[in-house]
Amino acid sequence: MQMNLSRSLVLLGLSLSIVARAQGTPQSGGDFSSNPQAKKLPSETLLVKGAWSSASDSVTPLPEGGRVTKNIYTNAYFGLTYALSPDWTEKYSGPPPSDSGRYVLAQIRPADTFKGANRGSIMIAAQDLFFTLAPAENTLELINYEKESLNEDFKVEQPPTLVRIADHSFVRFDYGSPVAELHWHVLATQIRCHMVEFIFTSRSTELLETLTQEMNKMALPADAGPISGRGGGDVPMCIRDYASDENVLERVDPVFTEHRFNPAPVRIIIDKEGKVKHLHFLSAFPDQAKAISDALAQWRFRPYLHDGKPAEVETGILFGRAPQRITSSAPKVASE
Amino acid sequence: MKTRKPAFVFACLVALFFPGKAVAQSDPGVRPGAINGQPAATPMSPLPLSSVNANDGSLQFFQNGLSRFQDVESVSKSSTNNNGLGPRFNFNQCSGCHSQPAVGGTGPASNPQFQVIANGIANSSANTIPSFITAKGPTREARFPFFFNSNGSPNTNAPNGGVEDLFTVSGRSDAGSCSLQQPSFSAAQATNNIIFRIPTPVFGAGLIENIDDSTLIANRAAQARNNLGISGTFNHNGNDGTISRFGWKAQNKSLLLFAAEAYNVEMGVSNEIFGQDRPLPGEDQLGSGLPANCLNLTGTGYPEDTTNFTPTVTSSDQFAVNASVLSDIEAFAQFMRLLAPPAQSTTTPGGATSISNGQAIFKAIGCATCHTPTLNFTQPSNITTSLGSAPVTAFSDIEIHHMGVGLADNVSQGGAGGDQFRTAPLWGLGQRIFFLHDGRTTDLLAAIQAHQSSGSEATQVEENFDALSPSQKQDLLNFLRSL
């Protein structure tokens, strides 16, 4: 009897607990979790991306692939090595490449150990000349355009001028803001049809001059220059609009699965047989990149001939919605 | 020989021992004085655009919308016929969250969401106040970036991002037998699977709505060449492909859509654009939707907010009668559309020289590259003349920009990814209390510094800000608080 009573109480308790669960907190899933000790998401981590950069393989160097290691910025794509001054460091990485071909390659600032009286900053940036919105064909034209489009709040301190840095030709452009008491030194050259810029900012022109002089320690590809810098040698030649009708022997249009409204610029390397060897999307949604990749795999190009021999070539193609380009051309105030 | 006053001596001692403190810049705080810089405005009566008038009826429509913006919604049986609240909601009145410094603004100093149980808006039998809703904190909506899996962990393969309404109508006397539970906010906080958004102010919103795409595109092109690492893009409306412009990620095309979505999502009122009661994202996409006893709580069918075929207003003023025909969402949209933008103070805080200097610095260090001071001009308007051919001094390019991991919310909306946000319009900033999309700070200086993190387009601009002298930084802060 007592045993039956105990059994009945246990069964009653069990039944009540089942009822309570049915009316209590929903099972985990969807908007509900009953497990506060569950796996935690990492903080300050981007897990949901929009249009972003991607590539067809992880071996071929990319413009955005440069890194600061042991106080040296190295970029395999651009063949660039730049030793930072002591007490300078990269704290924050840059945003992804833009859909108009703008790269922030590195943002460098004084470390906590920096002893100088005035701070400054170094931005290493690049602009893919195939996709720039500005009316410029090369780095020299782009810097001249920049000078012409500088607004009235800034004062030109040195107009675009050709200078020698590390035995290579650069265009140098200095300007300042009287109200902010800040100065900028911009030193740019061209590598693989990209403008590569070193942008120094500080209140101190002395610091800027020091940083400019220290650029002489950098290593660059042989052909780097404000108008040259078209690849060749160890890397493919870069040719604007190589994917024009006369060079495309077979073309398959991508089959998109989503209606998108963004430009999807892609750089491709075409091998000696005229097949696409490598793709680098500067900015594209994953579904766009997949559709374009599938299509480009079927394209056949007329092989590029260099000195009469087939050679690899790098070019750019813009898929998606083309952005508005600036049509006015800036007058040339310097020439190479 | 003059006798030195004690206060002067004290000031010297402070300067001697705390030199940094003596010159350090600080946020001047919420600007005192006229609401929106408009002496005629009051907290309950923000000003319409100057061309809004009684002769063409626009004033009656503005006032009707203003009134409805302040209506308190019930679930059912309301004597004022303001029914339709819930079954889930964040608050029961538009102006509850859009009230600083006046109706149409952003979150107030005292958070009305904190009082929903005390004030009988939500019942304690089915609701608790989430820990992130505090008495003096920002009014907020919450989103879970990811759905939970069956083990209760956030599933990074299943993005969510929809609004998780804070409260349910369950337990209210006008909610019948509807029994719902709040989403798992505590677990979401414990697993870092929650983000917040605060209300965007809508002063001057009609001007933003009336900018042609070509103006925005031209501005983007003009700003494209900069040495700051900034390269914005636009979010687009999926239906017609044009630039969308409202909301923290510019995900909404128009004020009507904006109003309709908010009415449905924030208050749970179905309407002629969003015609159903809204379940939680997981209830809809992973479950079976809302339970039957939580549907049609008004007993009148759907949508709960409709065009009023038979005007209920009797008035000798035909325009007042006409305005009563609108549905609530149309009235809200007209109110927002006709609402005047805030006016900048030329002298407060810090004086005219400091503000002017700060404005120049704002441009010089690159803030204005995204926070475009003026977009010229709106397209001609068929609604009221003030909306047409007008400069828009919103301090925004309406573009979305990568803002880095420090601000990323891992919510995708339209073409905007988890780290992309619309450049927040800064007009009216001087009288806002909470800053950034989630209201994480009331300190303008902290808000500026939050622009810098890995992956942010604004890192270099913030670096330029850091290079300014303390007095220059103060001028910039004064300028921002003058807006």
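How many of the nine residues of strand S6(A) are buried? In this predicted model, nine of the nine are, so S6(A) is largely enclosed by the rest of the structure. A residue counts as buried here when 20 or more other C-beta atoms lie within 10 Å of its own.

S6(A) is part of an open sheet of seven strands in chain A, which are ordered S5-S6-S7-S11-S10-S9-S8 and paired in the antiparallel sense. The edges of the sheet are formed by S5 and strand S8 (155-165) of chain A, each of which pairs on one side only. On average, neighbouring strands in this sheet are turned by 20° against each other, direction ignored.

Strand S5 (residues 88-90) of chain A runs antiparallel to S6(A) and is joined to S6(A) by three bridges. Within this pair, Thr89(A) is placed opposite Arg109(A) of S6(A). S6(A) is also paired with S7(A), again in the antiparallel sense, through six bridges. Here Gln107(A) stands opposite Met123(A), a residue of S7(A). S7(A) in turn pairs with S11(A) over nine bridges, and this pairing is antiparallel as well. One of the residues involved is Gln127(A), whose bridge partner in S11(A) is Met195(A). Strands of a sheet pair through backbone hydrogen bonds, either parallel or antiparallel.

The domain assignment divides chain A into domain 1, covering residues 52-230, and domain 2, covering residues 235-320. The centres of domain 1 and domain 2 of chain A, taken over C-alpha atoms, are separated by 27 Å. Contact between these two domains of chain A involves 19 residues of domain 1 and 19 residues of domain 2. On the domain 1 side of chain A, strand S1 (residues 52-55) gives the most, with four residues. The residues of domain 1 of chain A on the side that touches domain 2 comprise eight nonpolar, six polar and five charged residues.

Asn75(A) is 12 residues from Pro63(A) along the chain, and 7.3 Å separate the C-alpha atoms of the two.

The contact between the chains takes 61 residues from chain A and 72 residues from chain B. On the chain A side, at least two residues each are supplied by strand S6 (102-110), strand S7 (120-128), helix H2 (139-148), strand S10 (182-191) and strand S11 (194-202). S6(A) gives the most to the side of chain A that touches chain B, with four residues. By class, the residues on this side of chain A are 26 nonpolar, 23 polar and 12 charged.

Chain B contains 16 helices and nine strands. The radius of gyration of chain B is 24 Å, close to the 23 Å that the globule rule gives for 483 residues, so chain B is as compact as a globular protein of that length. Along the principal axes, the C-alpha atoms of chain B fill a box of roughly 85 × 60 × 55 Å. Buried residues make up 59% of the 483 residues of chain B. Of the contacts in chain B between residues at least 6 apart in sequence, 70% join residues at least 24 apart.

An open sheet in chain B is formed by three strands in the order S5-S2-S7, with antiparallel pairing. Strand S5 (163-164) and strand S7 (195-197) of chain B are the edge strands, each pairing on one side only. Strand S2 (residues 141-143) of chain B runs antiparallel to S5(B), and two bridges join these strands. In this pair, Arg143(B) is located opposite Val163(B) of S5(B).

Conventions. Residues numbered from 1 in each chain as written. Chains lettered and ligands numbered in written order. Predicted model: local features only at pLDDT ≥ 70, side-chain atom pairs only at ≥ 80, totals over all residues. Domains from an automatic or database assignment. Contact = placed C-beta atoms within 7 Å. Nonpolar A, V, L, I, M, F, W, Y, C, P; charged D, E, K, R; others polar. Rg over C-alpha atoms; globule rule 2.2 N^0.38 Å. Buried ≥ 20, exposed ≤ 12 C-beta atoms within 10 Å, placed from the backbone. Pairing = 2+ DSSP bridges. Axes fitted to C-alpha atoms, helices over the stretch in contact; angles between N-to-C directions.
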